[in-house]
Amino acid sequence: MSVTAPTTAARLTPLVLLCLGLVYVVWGSTYFGIKVAIETLPPLGMLAARFVLAGALLLLVLRLRGAALPTAREWGSSAIVGTLLLGGGTGLVTLAERDASSSVAAMVIAVSPLFAALFARLWGERTGGREWLGIGVGLIGIALLNVGELHATPLAALLLILAPLCWTFGSQWSRHLPLPQGLMGSAAEMLTGGGILLLLSVLMGERWGTPSAASLWALAYLTVFGSLVAYSAYMYLVAHTRPALATSYAYVNPVVAVLLGVGFGGEHLGPLGWAALAVILTGVALVAWPRRVPDPEVA
């Protein structure tokens with residue numbers, strides 16, 4: 001994965017727009033997919049299978065096309081990113097969904113762009129006044145969500161807050177690490193992150209029973225679309241766009257997740273929940289709205 005730092009004025013090229021569309025829609029559906037998958041599959045074991053399989057398939061295709069294997073240093077950096085994003089980010093969300101609805105999980109994760117703006121400051125990227133306003137508005141939305149709709153155990157609520165912290169910190173750090181070029185970076189991150197999840201599954205004593213057909217179909221969807229397609233698209237955005245844009249999938253993900261959860265999963269969202277969603281997305285919009293970039297020729 002290229003680690004060239006993006007510029008603030010990164011252009012919305014056709015490839016960037018395609019990647020945005022993929023992470024917007026596909027990742028919005030994965031919250032419901034995870035809920036279905038863990039009905040009869042162990043949460044961490046399911047994720048380990050998802051990412052190891054996707055990473056191995058991608059690595060095989062890339063090797064057949066002549067791509068070089070990552071160096072030892074690149075494997076180490078991939079392990080850091082894979083652990084934070086897939087183990088800490090996706091792993092914590094999956095564990096939380098045992099005791100929280102998929103729609104509410106997606107709404108909490110919608111604060112990712114807000115955390116991204118904060119973590120970007122660690123590497124010298126300025127946070128403007130509008131972005132600080134957006135962060136404040138987003139946190140108000142999370143407070144409303146906790147008051148009205150976060151019907152989850154204290155542990156599940158904590159996991160849903162920790163997940164975007166791990167995800168966004170890993171995303172920002174990844175832009176400054178020596179990762180493999182192109183899709184090889186995604187393959188290495190999925191393999192290493194999946195390996196960590198497998199180890200955690202064993203340590204937690206997860207047991208594999210007889211999975212339902214619905215859970216297996218959900219796992220297949222998560223592997224192909226959620227991992228191979230959307231994760232690779234996201235890592236391209238992280239490397240080539242500014243943090244707020246790369247994480248702006250939070251605009252659409254909660255809406256897709258809520259519609260699927262309410263429409264197909266029998267979940268319910270009350271008036272305060274819809275209000276919280278609107279407030280959160282308003283905060284995200286303030287953070288992700290493009291900045292004015294001064295003309296370099298005008299001093």
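Here are some questions and answers about the fold and packing of this predicted model.

The model is predicted, so local features need pLDDT of at least 70 and side-chain atom pairs count only at pLDDT 80 or more, while totals for chains, interfaces and linings use all residues. Residues are numbered from 1 along each chain as its sequence is written, and side-chain values use heavy atoms, with hydrogens and water left out.

Q: How many helices and strands does the protein chain have?
A: Helices (H or I, at least four residues) and strands (E, at least two) are DSSP runs, numbered from the N terminus. Read along the sequence, the pattern is α-α-α-α-α-α-α-α-α-α-α-α. The count is 12 helices and 0 strands.

Q: What percentage of the residues in the protein chain is buried?
A: Buried means under 20% relative accessible area, exposed over 50% and partly exposed in between, with a 1.4 Å probe and protein chains only. The chain has 299 residues, and the buried share of them is 54%.

Q: Is S77 buried or exposed?
A: S77 has its place in helix α3. Not counting residues up to four places away in sequence, S77 touches L177, P178 and L179 (contact means heavy atoms within 4.5 Å). Because its relative accessible area is 6%, S77 is buried.

Q: How are α2 and α8 oriented to each other?
A: Axes are lines fitted to C-alpha atoms, for helices over the stretch in contact, and angles run from 0 to 180 degrees between N-to-C directions. The axes of α2 and α8 come within 7 Å and cross at roughly 150°. Angles under 35 degrees count as roughly parallel, over 145 as roughly antiparallel, 65 to 115 as roughly perpendicular and the rest as oblique. The two helices are therefore roughly antiparallel.

Q: How many charged residues are in the contact of α2 with α8?
A: Ala, Val, Leu, Ile, Met, Phe, Trp, Tyr, Cys and Pro count as nonpolar, Asp, Glu, Lys and Arg as charged, and the others, Gly among them, as polar. On the α2 side the contact includes G45, A48 and F51, and on the α8 side it includes A187, G194 and L198. By class there are 18 nonpolar and 6 polar residues, and the number of charged ones is none.

Q: What is the handedness of the crossing of α1 and α9?
A: Helix α1 (residues 14-37) packs against α9 at an angle of about 150°, with the axes 8 Å apart. A crossing is left-handed if the near helix is turned anticlockwise from the far one by less than a right angle, and right-handed if clockwise. The crossing of α1 and α9 is left-handed.

Q: Which residues of α9 make the contact with α3?
A: The axes of α3 (residues 72-96) and α9 (residues 213-240) come within 14 Å and cross at roughly 120°. From α3, the contact uses V81, L85 and L86. From α9, the residues are Y231, Y234 and M235.
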